[in-house]
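Visitor: I am new to this structure and would like a short tour. Could you take me through it step by step?

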Amino acid sequence: ATSPLVSLELCAAFRRKRFVAALTASLLFVVALLVAVLAANAGERPTTIGQTIFISFAITIGAVAGIIFPAAVSTSIVEERINKSLDLLLATRLRPWEIFGAKLLASLVYCGMFLVAALPVVALSFLFGGVEPSAIVAVYALALAHAFVVCVIGTYASATAPTVVRAEIISYGGASAFTFFIL
């Protein structure tokens with residue numbers, strides 16, 4: 001059974017204007033990139049177009065994970081502390097690790113929404129050809145692993161930082177260091 005804290009956290013996150021704005025902006029960017037790739041490769045073979053869409057998609061997903069995810073996940077616990085609701089949360093029967101886990105799971109679902117929303121674009125690259133299904137699965141597995149690490153770093157930053165700004169700085173620093181390390 002899912003923790004009620006996960007449901008509460010997701011409901012609050014999806015109601016925020018910044019979620020709608022960030023999701024809309026990232027999808028508009030992905031669509032604009034798709035249109036640009038199609039326009040630039042109009043005379044090419046379909047397999048070349050598919051491969052170019054796929055490469056552009058992989059880079060875009062990495063950029064979204066590096067720009068949007070750290071800011072989105074680094075505020076969950078620190079905002080509870082600032083709003084004086086963390087004490088109420090700690091007074092429940094939930095153990096601290098359960099609170100951390102619920103906040104982490106909610107962050108993962110939040111980030112997963114961005115990855116799932118971009119799925120139609122990667123499906124287009126498959127329809128054009130030149131891209132194996134295993135490559136698509138590999139990119140999504142890498143994106144999910146990256147999102148997981150960013151969510152862990154961001155949730156940890158949120159639990160340890162005294163302010164939202166400091167949590168975001170730690171989250172961006174940790175995510176950037178991880179990305180640099182794996183590249």
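Guide: One term comes first: two residues are in contact when they have heavy atoms within 4.5 Å of each other. Please also keep in mind that this is a predicted model.

Visitor: Then let me try the term out. Apart from neighbours within four places in sequence, which residues is Asn41 in contact with?

Guide: Leaving aside those neighbours within four places in sequence, Asn41 is in contact with Ile49 and Thr52.

Visitor: And where is the place of Asn41?

Guide: Asn41 is found in the loop between H2 and H3.

Visitor: Is Asn41 buried or exposed?

Guide: Asn41 has a relative accessible area of 13%. Buried means under 20%, so Asn41 counts as buried.

Visitor: Let us turn to charges. How many salt bridges does the structure hold?

Guide: There are five salt bridges in the structure. One of them joins the side chains of Arg16 and Glu79, at 3.6 Å from N to O. This pair links distant parts of the chain, 63 residues apart: Arg16 sits in the loop between helix H1 (4-15) and helix H2 (17-40), and Glu79 in helix H4 (residues 76-82).

Visitor: How accessible is Arg16?

Guide: Arg16 is partly exposed, and its relative accessible area is 27%.

Visitor: Which residue does Arg18 meet in a salt bridge?

Guide: The side chain of Arg18 meets that of Glu79, with 3.6 Å from N to O. Here too the pair links distant parts of the chain, with Arg18 in helix H2 and Glu79 in helix H4, 61 residues apart. Arg18 is partly exposed, at a relative accessible area of 41%.

Visitor: What about Glu80 and Lys103, how far is it from N to O there?

Guide: The salt bridge between the side chains of Glu80 and Lys103 has an N to O distance of 2.8 Å. Glu80 lies in helix H4 and Lys103 in helix H6 (residues 96-117), so the pair ties together parts that are 23 residues apart in sequence.

Visitor: Are these two buried or exposed?

Guide: Glu80 is buried, with a relative accessible area of 16%. Lys103 also counts as buried, at 1% relative accessibility.

Visitor: Which residues are linked with Glu80 and Lys103 in a network of salt bridges?

Guide: Glu9 is linked with Glu80 and Lys103 in such a network.

Visitor: What about pockets? How much space lies in the largest one?

Guide: About 380 Å³ of space lies in the largest pocket. Of its 14 lining residues, Ala58, Gly62, His146, Thr179 and Ile182 are the closest to its centre.

Visitor: Which elements supply at least two residues of that lining?

Guide: H3, helix H8 (133-160) and helix H9 (164-182) each supply at least two residues of the lining of the largest pocket. The largest share, five residues, comes from H3. The lining of the largest pocket has nine nonpolar, five polar and no charged residues.

Visitor: One last topic, the backbone. What is the phi of Lys84?

Guide: Lys84 has a positive phi of about 60 degrees, although it is not a glycine. Most residues other than glycine have a negative phi. Lys84 lies in the loop between H4 and helix H5 (86-90), and it counts as exposed at 67% relative accessibility.

Notes
Residues numbered from 1 in each chain as written. Predicted model: local features only at pLDDT ≥ 70, side-chain atom pairs only at ≥ 80, totals over all residues. Heavy atoms only, no water. Salt bridge = Lys/Arg side-chain N within 4 Å of Asp/Glu carboxyl O. Helix = DSSP H or I, 4+ residues; strand = E, 2+ residues; numbered from the N terminus. Buried < 20%, exposed > 50% of the residue type's maximum accessible area, 1.4 Å probe, protein only. 1 Å grid on protein atoms, 1.4 Å probe; cavity = no way out; pocket = protein on both sides within 12 Å on 5 of 7 lines; lining within 4 Å. Points joined across faces, edges and corners; volume = space filled by probe spheres on them. Nonpolar A, V, L, I, M, F, W, Y, C, P; charged D, E, K, R; others polar.
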